Amino acid sequence: MTASNPLLQDFDLPPYSQIRPEHVEPAIDSILADSRSAIAKLLAEQPATPSWESLVLPLNELGARLGRAWSPVSHLNAVCNSPELRAAYEACLPKLSEYWTELGQNRALFEAYQALAASPAAAGFEVAQKTILDHALRDFRLSGIDLPADKQKRYGEIQMKLSELTSRFSNQLLDATQAWTKQIHDEAQLAGLPDSAKAQMKQAAEAKGLDGWLITLEFPSYYAVMTYAADRALRQEVYTAYSTRASDQGPNAGQFDNGPLMEEILDLRRELAQLLGYGNFAELSLATKMAESTEQVLGFLRDLARRSKPFAQRDLDELRAFAAEQGCEDLQSWDVGYYSEKLRQQRYSISQEEVRAWFPIDKVLSGLFAIVERLYGIQIVELQDFDSWHPDVRLFEIRENGERLGRFFLDLYARPNKRGGAWMDGARDRRRDIRGELVSPVANLVCNFTPAVNGKPALLTHDEVTTLFHEFGHGLHHLLTRVEHADASGINGVAWDAVELPSQFMENWCWEPEGLALISGHYETGEPLPGDLLERMLAARNFQSGLMMVRQLEFSLFDFELHASHGDGRSVLEVLQAVRDEVAVLQPPAWNRFANSFAHIFAGGYAAGYYSYKWAEVLSADAFSRFEEEGVLNPQTGRAFREAILARGGSQEPMQLFVAFRGREPRIDALLRHSGLSEEAA
C-alpha cells in the first residue's frame with residue numbers, strides 16, 4: 001500500500017493530481033501509528049537531561065511527516081471539495097484530534113520538556129528556542145496536562161467533537177452557497193450589470209447546460225448583483241438568499257441549518273474553558289494572544305466604536321438622502337451597495353467597474369512582485385511543469401542572490417466546489433531537519449476573483465487587488481522567515497492578534513501613487529492609470545469608511561461578546577442584536593442570519609479573535625507610517641521591516657518585534673488618519 005499511496009511517499013511538492021479520497025485514511029492511520037510508536041521509543045531512550053537534538057528535533061520530524069500528508073488533503077478539501085474527499089477528510093478529523101490531545105496530555109513528554117527547559121544548556125539557547133520551550137509548556141497546560149484523568153478524558157472528547165462540528169459548519173455553508181441559483185432568461189432583468197459580470201453569469205449557465213444567465217451565491221456573482229442591478233426586486237431576492245444561507249430562514253430554510261451547530265460549538269468551547277480554569281472561552285483565547293485581558297479587548301473595540309459611530313451615521317445620512325433623491329425613500333440592506341456605488345460615481349466620477357480595466361491580473365502580479373523585490377531585496381520567478389489541482393493554478397519561487405527561499409501556489413479564481421473567501425495556508429514550514437539540511441517553506445495563496453471571460457484577461461476591482469496584497473502579506477510572513485525551528489518559523493507561534501500585521505500592512509501599497517504606478521496598466525493598451533483617475537481613486541479611498549469601520553467592529557464585538565458571555569441565557573441572535581444596538585447605524589432585517597455563515601469564528605481560527613483584524617490594523621498602520629516618513633519604496637526601511645517582523649516569525653513576542661522596528665509602542669492615530677476618522681477629518 002505504501003508504494004501506491006502518494007501521501008506516504010517522500011515528495012518535494014505535493015502530487016496533487018495523484019491524491020485520491022481512498023488514499024487519505026490509510027495514509028493518516030499509518031502515519032499516526034508510526035508516530036505513536038516513535039514517541040514511545042523516543043521517551044524510553046531519552047537521557048536524564050534531554051537535549052534539543054534528543055527531544056525537539058525528532059518530534060519536529062514526526063510533525064513534518066504528518067503535515068506533509070495532511071496539508072494537501074486539507075487543502076484539496078477546501079479547493080476541490082467532493083463528497084468522497086469530504087468523507088475521507090472528516091473520517092480523519094477525530095483521529096487527528098485524539099492524537100494531538102494524547103500528545104498534549106503525555107506526562108512523560110511534558111516532564112521531558114520541563115527538564116530540557118530547566119537544563120544548563122537551555123540558558124544558552126537562542127531566543128527562538130527559548131520562546132518555543134515557553135510556548136510548549138504553556139500549551140501542555142492548555143491541553144489539560146494538570147487535570148485529573150476523568151477531566152483529561154472529557155477534554156479529549158470535547159476537542160474531537162469540536163473538530164467534527166466546525167468542519168460540518170464549513171461544509172453546510174459551502175452546500176448552502178451552492179444550493180441556490182437563479183436562472184435569468186430576459187437580459188433586461190440584468191440592467192445595470194457590467195458586461196464582465198453578465199459574461200461570467202452566461203459562462204456559469206453554459207457550464208450547467210442552461211441558456212440565459214445564471215446568478216449564484218459565489219461572491220463575484222452576488223457582489224455584482226448587489227452593486228449594479230437596477231432591478232430592486234432582484235437585489236432583494238439575491239440578498240435574501242445570501243444572508244439566510246445555512247439557516248432556518250430564506251428560500252432554503254431549514255436545509256443545511258448551522259443554527260444548532262453554533263449553539264453546540266459555543267457550549268463545548270465554554271465547557272473546555274471552564275475545564276482549564278477559565279471563566280469563559282474569550283479568556284482562554286487570550287492565553288495565547290497579545291492582548292492581556294477581555295476588558296482590554298472590549299475597551300479597545302468600544303473606544304474605536306465611540307470614535308467611529310458619528311462618521312458612520314454621517315455616511316448613512318448622506319446615503320439615505322441620495323437614495324431618496326433617486327426615488328428610494330426607504331433604504332433597505334439590499335439597497336446599500338447599489339446606492340453607495342451610484343453615490344461614489346456621482347461624487348468622485350469613479351466606479352469599481354471603470355477601475356477594473358486598469359488592473360489586469362498579470363500587471364497587478366508583476367507590480368506586486370516589483371514592490372516586494374524592491375523593498376525586501378528578493379526575486380520572484382514563475383515556475384512551469386508542476387503538479388496541480390486545477391489548470392488555473394500557478395507556482396512561483398522566491399529567490400535571494402540566486403538561492404531559493406520558498407515557493408507559493410496561486411489559486412485566484414472562484415469556481416464550484418471551492419470554499420469562498422481568500423486565505424493563505426502554509427503547505428510546508430521552513431526548518432533545519434534532523435540531518436542538518438535546510439527545508440524551504442511552501443505556501444498556498446487562495447482567492448475567489450472573477451475569472452477571465454470572453455477572451456479578456458481576468459480584470460480585478462481595486463478591492464480584489466487589496467485582497468491579493470493582503471494574502472500575499474501573509475505569504476511573505478510564512479516565506480521570508482529566517483527562523484530554522486519549525487515551531488517558530490513563519491506564522492507558527494505568532495500570537496493570533498498579531499498575525500494580521502504583515503497582511504494588512506501590504507494593503508497600503510494599493511493606495512500609494514508609487515505602488516499604483518507599478519500595479520496598474522490598461523489591459524488593452526498598457527497605458528498607465530491616468531492622473532485624474534488616480535486622484536479620484538485616492539479621493540474616494542475613505543468613502544463610507546465610517547460605515548465600514550462600524551461593520552468590522554460589529555463583527556469583532558459580536559464574536560468576543562458571544563464567547564465571553566455564552567451561558568448567560570441569551571441566544572446567538574440576541575447577542576448579535578445587542579451589539580448592533582450599541583454600534584450599528586443600519587439594522588438589517590430580522591430574518592438576516594449573518595451568524596450562520598460567519599465561518600471565521602465557527603469554522604476558522606478566529607473564535608474570540610476576530611478583533612485581531614482591528615488590533616493588528618493599529619500595528620500595521622503605525623508600522624507603515626515609518627514608510628510614509630522615510631519613503632514608501634525605501635529599500636532600507638523595507639529591509640528593516642523584513643528583519644524585525646517578517647524574518648522573526650514567532651520567535652519573540654509581537655510587541656518586542658514591533659518596538660524593534662518602530663522604536664516605540666504602537667499608537668492608534670495612524671489608523672484613524674488612514675481611515676479618515678481622525679478629529680481633523682470631521
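## Histidine 600 and helix H23

Helix H23, residues 599-602, holds histidine 600. The model is a predicted one.

Setting aside residues up to four places away in sequence, histidine 600 touches Gly605, Tyr606, Ala607, Tyr610 and Tyr613. Aspartate 335 lies elsewhere. It is 265 residues from histidine 600 along the chain, and the two C-alpha atoms are separated by 26 Å.

## Overall fold

The protein chain contains 27 helices and 9 strands. Its C-alpha trace spans about 80 × 55 × 55 Å along the principal axes. The radius of gyration is 25 Å. A compact globule of 682 residues would come near 26 Å, so the chain agrees with that expectation.

Burial and contacts can be read alongside these dimensions. Of the 682 residues, 58% count as buried. Take the contacts between residues at least 6 apart in sequence: 73% of them join residues at least 24 apart.

## Surface and charge

The accessible surface of the chain is about 26900 Å². Carbon and sulfur atoms account for 49% of that surface.

Charged side chains number 67 positive and 96 negative. The centres of the two sets lie 1 Å apart.

## Cysteines

How many disulfides does a search of the whole structure find? The search finds 0. Cysteine 80 is in no disulfide, and the nearest cysteine sulfur, that of cysteine 447, is 16 Å away. Cysteine 80 is partly exposed, with a relative accessible area of 24%.

The cut-off for a disulfide is 2.5 Å between sulfur atoms. Cysteine 447 counts as buried, at 1% relative accessibility.

## Helix H1 and arginine 36

Arginine 36 sits in helix H1, which covers residues 21-44. At 30% relative accessibility, arginine 36 counts as partly exposed.

Which residues does arginine 36 contact, leaving aside its neighbours within four places in sequence? They are Glu98, Tyr99 and Glu102. The C-alpha atoms of arginine 36 and glutamate 102 are separated by 9.5 Å. Along the chain these two residues are 66 apart.

## Helix H3 and alanine 88

Helix H3 runs over residues 83-104 and includes alanine 88. Is alanine 88 buried or exposed? Its relative accessible area is 8%, which is under the 20% cut-off, so alanine 88 is buried.

Beyond residues up to four places away in sequence, alanine 88 touches Pro21 and Val24. Glycine 212 stands 124 residues from alanine 88 in sequence. In space the two are 37 Å apart, C-alpha to C-alpha.

## Helix H13 and serine 308

Serine 308 belongs to helix H13, residues 294-325. Its relative accessibility is 0%, so serine 308 counts as buried.

What does serine 308 touch, not counting residues up to four places away in sequence? The list is Gly546, Met549, Val550, Leu553 and Leu677.

## Positive phi in two loops

Alanine 246 is a residue other than glycine, yet its phi is positive, near 55°. Alanine 246 is in the loop between helix H10 (232-243) and helix H11 (259-275). With a relative accessible area of 2%, alanine 246 is buried.

Asparagine 417 is not a glycine either, and has a positive phi of about 65°. Where is asparagine 417 placed? It is in the loop between strand S5 (403-413) and strand S6 (423-428). Asparagine 417 is partly exposed, with a relative accessible area of 34%.

Note on methods:
Residues are numbered from 1 along each chain as its sequence is written. This is a predicted model: local features need pLDDT of at least 70, side-chain atom pairs count only at pLDDT 80 or more; totals for chains, interfaces and linings use all residues. Side-chain values use heavy atoms; hydrogens and water are left out. Helices (H or I, at least four residues) and strands (E, at least two) are DSSP runs, numbered from the N terminus. The radius of gyration is taken over C-alpha atoms; the globule rule is 2.2 Å times the number of residues to the power 0.38. Buried means under 20% relative accessible area, exposed over 50%, partly exposed in between (1.4 Å probe, protein chains only). Contact means heavy atoms within 4.5 Å. Accessible areas come from the Shrake-Rupley method with a 1.4 Å probe; for residues, only the protein chains shown count as cover. Lys and Arg count as positive and Asp and Glu as negative; His and the chain ends are not counted. The place of a charge is taken as NZ of Lys, CZ of Arg, CG of Asp or CD of Glu.
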